[in-house]
Number of protein chains: 2
Amino acid sequence: MIETIRWDGDAVVMIDQTRLPAEENYVRCASYLEVADAIRRMIIRGAPAIGVAAAMGVAIGVAQARPESLDEDFERICAELAATRPTAVNLFWGIDRMKRVYRAHRHLPFGQLRDRLIAEAKLVREEDIAINEAIGKNGASLVPDGKTVLTHCNAGTLATAGYGTALGVIRAAVEAGRKIDVFADETRPFLQGARLTVWELQHDGIAATLITDNMAGHFLKSGRIGCVVVGADRIAANGDVANKIGTYGVAVLAKENNVPFYVAAPISTLDLSIPDGGHIPIEERAASEVTHVFGVRVAPEGTAVCNPAFDVTPNRYVTAIITERGVARTPYLESLAALTAK
Amino acid sequence: MIETIRWDGDAVVMIDQTRLPAEENYVRCASYLEVADAIRRMIIRGAPAIGVAAAMGVAIGVAQARPESLDEDFERICAELAATRPTAVNLFWGIDRMKRVYRAHRHLPFGQLRDRLIAEAKLVREEDIAINEAIGKNGASLVPDGKTVLTHCNAGTLATAGYGTALGVIRAAVEAGRKIDVFADETRPFLQGARLTVWELQHDGIAATLITDNMAGHFLKSGRIGCVVVGADRIAANGDVANKIGTYGVAVLAKENNVPFYVAAPISTLDLSIPDGGHIPIEERAASEVTHVFGVRVAPEGTAVCNPAFDVTPNRYVTAIITERGVARTPYLESLAALTAK
């Protein structure tokens, strides 16, 4: 059983996703600053997992705050965690949830407030696992039998508190008896597909084949791919989806070849405050992620690089959005609002 | 001045493209078997360069053949070289050209026949440079001014005897005063874009930005890409284009975003003997190219891999095919036949 993140009394423990699969190391974050650093460095990544990490980061920050300047410390903790990564809305959702609990229980003695926040952070984690299982149940029947499922990046156990969003749908389809196998895009530059998705699916005994990102089109055209399932980092009110760079390309190629393209994500990934994907901030990461692979230089000295970590897939390429509350289809403005109101 | 391949008296000398840009090594192939091995291992790659290497391989093979069993040796030399890589038709074109010269001069004394074949192989190389310059001239005016050109893989000096096909068009556009810069897809798994295209363009002082393959869609959607120019490994009679894996995806994404998609290739890349791209054999290469980067493992032990080295872009995504004899547009069946008959 892979454990992405857990609360360990006085620290947050995470599996180090920068070293997998070569090394299975666990990182112990003993302060909110260490949690923030872990998010920034992608020791933990994946929108739902980042939401859990943010909640736990707030909890550990408050546990170590000075009772005499609690409000001030609390603001600083939340601001520091919020500044780690801009795209996945679950980060802000996790912090906001902790802010609401903080405000509701601010009147309590410090020890009780602290315990309440720690309990909430643990609850965020537990709920996320249940949410992913519900996403899996809702999505399983959409996966065509006897075909290959293509996925991009890692939207599995490692991207969540457990079970996964896109990989949750795949797991649920397998549990429901579907005879499927998986094609995993390697997902440059961070190689989440090669390093994390293949590793996870090997753990589960689900047949997985690794391809480079630029092979996705070839196999979508070949007829062997029954559907695409990916996760999401932020979904706008109109159903535009921000997800790992390359998702947009896969979505266009899926549509061009009449292959259904599914997005699996918790309701916490919806950002109904923005009308469309044009309002989603896209994180630009370090050039060295592209010019180096595991520390080995693959491009000449002085190479200019663009490294947007995400792209936006317009809603017209999205066949359905699978959430824990049900499956949304076009028109998304209405279907997503209805799911949120449930 | 980069020299991809040259005849050196009693050997064929090639720059080792598996080690660039980290090391600028030259490999000396002293027999046709060493030339075949260099093609197979991609010490030399790129369809036109492979054509030159094949011709030089035949020449060196004949120079070392036994005059008493010349016809037999010649067949074995040609068969060995033809078996190295299946997709780029220039390989077979280069061998066939040498076969024609062999037959036409078979009656000569061995020394004269040998010299005639060596001269022909050197001519193939010299002609290729002139052909690429003509391709550049024919394509330069198609490149929109003030925008970025996206290219995939390496179709430059290193893929040819010199100047390049796709990069030849870019070079000619720059020489004609176009204010352009280049986005280079890194082109996994072999990283021709990161390792070779960026390196070549740096040599020429043409501004180049490296992106991962899965970023191409994002930038095609962004509006900054004025056109795509790529090379080709084989073009069917109807204009379907086999080229480096990922080309198909770029072509679809270009069309989806109304960005012109140009293929630059010599007439020797046309294979009018096949009606469409479905007849082009696609080489499957070793899994280790995907699971390892410069010897560093990036996927778990036991990872299953697909590694098709090429894909086929249907003609409907191709805005034009730029050759040394002119620019072909749809319907390609007619326009390509007309260029060939010139």
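**From domains to copies**

In this predicted model, the domain assignment divides chain A into domain 1, covering 5–133, and domain 2, covering 141–340. The C-alpha centres of domain 1 of chain A and domain 2 of chain A are 25 Å apart, and the contact between them involves 30 residues of domain 1 of chain A and 34 residues of domain 2 of chain A.

The size of an interface is often expressed as the accessible area that is lost when the parts come together. For domain 1 of chain A and domain 2 of chain A, the area buried between them comes to about 2700 Å², of which 58% lies on carbon and sulfur atoms. On the side of domain 1 of chain A, 23% of the area buried against domain 2 of chain A is supplied by Arg45(A), Thr87(A) and Asn132(A), which is more than any other three residues supply.

What polar links join the domains? Between domain 1 of chain A and domain 2 of chain A, 17 residue pairs are counted in polar contact, with both residues at pLDDT 80 or more, and one salt bridge is found across their interface. Arg85(A) and Glu283(A) form a salt bridge in which the closest N and O atoms are 2.9 Å apart. As for the helices, at least two residues each of the side of domain 1 of chain A that touches domain 2 of chain A come from helix 2 (47–63), helix 4 (89–104) and helix 5 (110–140) of chain A. Helix 5 of chain A, with six residues, gives the most to that side of domain 1 of chain A.

We now turn to chain B and to one of its helices. Is helix 6 of chain B, residues 166–175, largely enclosed or largely open? Eight of its ten residues are buried, so helix 6 of chain B is largely enclosed by the rest of the structure. The buried residues of this helix are Ala166(B), Leu167(B), Gly168(B), Val169(B), Ile170(B), Arg171(B), Ala172(B) and Ala173(B). After helix 6 of chain B comes Gly177(B), which has a positive phi, near 95°.

The last step is to compare the chains. Two copies of a chain are related by a rotation about an axis together with a shift along it. Here chain A is superposed on chain B by a rotation of 180° with 0.0 Å of shift along its axis, at an RMSD of 0.0 Å. The two copies are therefore related as by a two-fold rotation axis. Both copies use the same surface, since 100% of the contact residues of chain A recur in chain B.

Terms used: Residues are numbered from 1 along each chain as its sequence is written. Chains are lettered from A and ligands numbered from 1 in the order in which they are written. This is a predicted model: local features need pLDDT of at least 70, side-chain atom pairs count only at pLDDT 80 or more; totals for chains, interfaces and linings use all residues. Side-chain values use heavy atoms; hydrogens and water are left out. Buried means under 20% relative accessible area, exposed over 50%, partly exposed in between (1.4 Å probe, protein chains only). Helices (H or I, at least four residues) and strands (E, at least two) are DSSP runs, numbered from the N terminus. Copies are superposed by least squares on the C-alpha atoms of residues with pLDDT of at least 70 in both. Contact means heavy atoms within 4.5 Å. Domain bounds come from an automatic or database domain assignment. Buried area is the accessible area (1.4 Å probe) that two parts lose on being put together, summed over both. A salt bridge is a side-chain nitrogen of Lys or Arg within 4 Å of a carboxyl oxygen of Asp or Glu. A polar contact is a pair of N or O atoms within 3.5 Å; within protein, one must be able to donate a hydrogen and the other to accept it, and residues adjacent in sequence count only if both atoms are side-chain atoms.
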